[in-house]
Structures are given as C-alpha cells and as structure tokens.
Amino acid sequence: MTTTATQGSRGGPESQAPRGHASPGAALAVLPHVLRTALAWTDAHRGEFALPDDVLDPRTQVNATLKPLGELAQLCSTVRAATAPGTPEHEVAGDLVTYAWEQVAQGALLLELLRTEPFAAYPYEIYAAFAGYGLRHEGFEALARPLTATRAWAHTEQHANRQLGLINSERRVGVVTHTDAGGVLSRTWLGGLAEPWTFEGPSGYALTHTVFHLTDWGRMPDRVPEKTDAYLRTWLPAWADGCLESGQWDLTGELLAVGASLPGPPPLELLDAVWPVLADVQHTTGCVPETGVPAQDPASDPYPFIDCYHSTLVTAFAAALSLRSLTDGSGPSRERHTP
C-alpha cells in the first residue's frame, strides 16, 4: 500500500497500530468522550468558521471560507441525526448547524452565489447540506430549479465521485437527479473494486467521499451494493493500518466513518482496533490534527485552526456514526437496495 500525505511520519509508537490487536468493546469505551470533546472544541471555535464581509468578492478564497462552513453544516447535521434527542451532543450539533445557517443569512448569501456562478456546484452542495436538515430558502430553489434542468448542468465535466456528490445534493433538495447514481458509481475507484494495493491519499479520499455521497453521509447504508460492501469490509483494516502508520489522522477518521456507514453489522474488529489509537491522538481540548506527530503541548490551541478543524469535525462525525452502529436500534433501515 502506498501513502502520500505524510510518508515517513509517525503519529505515535509502533505498538499503536492495530495489526489485529482489537480488544472487544474498546471502541465503545472511548467513543463517548471522543465525540463530546471534539464537538466541544468545534463549538468553542465556532467563530473561526464565520464568513468574512468580503465573502462574495471573487478574490476571496472559497476553500478558506465557504468550504469550512459547509463542512460544519454537513457533518454536524449528520451528528445530530445520529445522536439521541436531548443529549448534549445532539443539542450542540444542532446549535452549530443553526450558526452556519445564520452565517449564510438563512440561504440569502447562497442565492447571491448562485446568481454569480449559476453552474458552479459548490453553492448548490452547501445549500443541499441545509436542505437535508430541513432549512430551505424559497428564492434559492426557484432559481436553482431551471438551472439544474439544463443540459449544461447535466453535462458538467467532473470526477465521478464529485458527480455522486451532486446527485446526492439533488436528492436532498428534492429534484429529479440529472443521471443514475449506479452508473456513476461504476466509474469510481471504489465502484470499480480497484486493486487494494493502489490505495493512497487521493484514492483514499475519493473512496470515502464516494461512500458518503452514496449513503447520504452515512444515513442510508442500504445504498451500498453488496460487492462494494464486501470489498470495503475486507480492505478497510489494512488501509486504516497504513494511515495510522503514516500519521494520516484525517483520512483515518474518514475510513472509520465509512466502516460505520456499511449495511448490516458494524465491522467490530476495525472499530475496536482503530478508535483507541485515534482517541490517543486527540488533544485534551478535543481537536485532532490532520497529519503528523500529535502535539503534547497542553496549550488550548496546539495546532493552527486550518490544520485541525476538518479532522476534528471528521472525528466527531465518525464517532457519532460508530456509536450509532455499535449501539444499534437508532440507525436507519438496513434493507438492501442497489442504486
């Protein structure tokens, strides 16, 4: 297996790697604390997600402004869906989604973005994260409806896993999808059941997002085809092991979220082996670095925000899905259907 993000970097002692040494119940022993503290850190740093006054200026960097806010909305909406009403985690996640909705002026800012870039996918995908949560803007949808019915929209050239993201966004908004998800899935690295030894950073993120878009961020595991499910259950442990060795904590979290998004019983050995390692990487404040050797600094902000916000959100997202899959009964239907 090849890795790309931090080759040669070690995130901790060699004994931390799972290598089959799963202790039954180890994931459940750490997950509540991991989830609670990751959300607490995110809540304490919500101001870092605030959009600048010049967010609509074409020179403003989308990846440093709208992207983090959209991820906050998407991942926290999933955390809220996966947690029990009345719990602190459920309430904090909901508050953060509300905060993100306020930042986009209840959808009005996204409407302005759509007017400026009518065939850009990202305003629509950010809006869909809110629409899937039940937050809608009539003006945005009135403009988006004819745009998404055009040939130009249906034939926008993009990678297959990104196209799956657009299909899932259309499902969330409630319009007819521009193409069939099954055909697009077959063109992805994961859908083609690529040779597992070709796994590396880019293919790893492509496969995790293929699963997230296919399952609506873990809410509909029954959309995963049987062959894909079997392939993932076979190779996720080896890929996660490689990510732990190279200190790729963000990708490790995404792989754990994939494991918790599969239909049927959760992959217990994977979750029990990997979650204690990621819990050790998590800082006492709740943040998790994207890559590299974990900081031992007791300071409240051991990493720059841009280097840990996504991995911390992913950790909370994966922890909520893992807890749901392990505790059973609260998750979505596991009935099988292939898109």
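Student: Which helices each supply at least two residues of the lining of the second largest pocket?

Tutor: This is a predicted model, in which local features need pLDDT of at least 70 and side-chain atom pairs count only at pLDDT 80 or more, whereas totals for chains, interfaces and linings use all residues. Residues are numbered from 1 along each chain as its sequence is written, and side-chain values use heavy atoms, with hydrogens and water left out.

The helices you ask about are α1 (26–44), α2 and α14, where a helix is a DSSP run of H or I with at least four residues, numbered from the N terminus. α14 gives the largest share of this lining, four residues. In total 14 residues line the second largest pocket, and Leu35, Ala82, Thr83, Ala84 and Leu323 lie nearest its centre. A pocket here is an open set of points on a 1 Å grid over the protein atoms alone, where a 1.4 Å probe fits, with protein on both sides within 12 Å along at least five of seven lines; lining residues have an atom within 4 Å of a point. The volume of the second largest pocket is about 260 Å³, a volume being the space filled by probe spheres set on the points, which are joined across faces, edges and corners. Its lining has seven nonpolar, four polar and three charged residues, with Ala, Val, Leu, Ile, Met, Phe, Trp, Tyr, Cys and Pro counted as nonpolar, Asp, Glu, Lys and Arg as charged, and the others, Gly among them, as polar.

The largest pocket has a volume of about 880 Å³ and is lined by 31 residues, with Lys67, Glu71, Arg162, His209 and Trp217 nearest its centre. Among the elements that give two or more residues to this lining are α2 (66–82), α10 (201–214) and α14 (309–327).

Because Phe212 lies in helix α10 and Phe317 in helix α14, the pair ties together parts that are 105 residues apart in sequence. Phe212 is buried at 1% relative accessibility, buried meaning under 20% relative accessible area with a 1.4 Å probe and protein chains only, and Phe317 is likewise buried, with a relative accessible area of 1%.

Key: Buried < 20%, exposed > 50% of the residue type's maximum accessible area, 1.4 Å probe, protein only.
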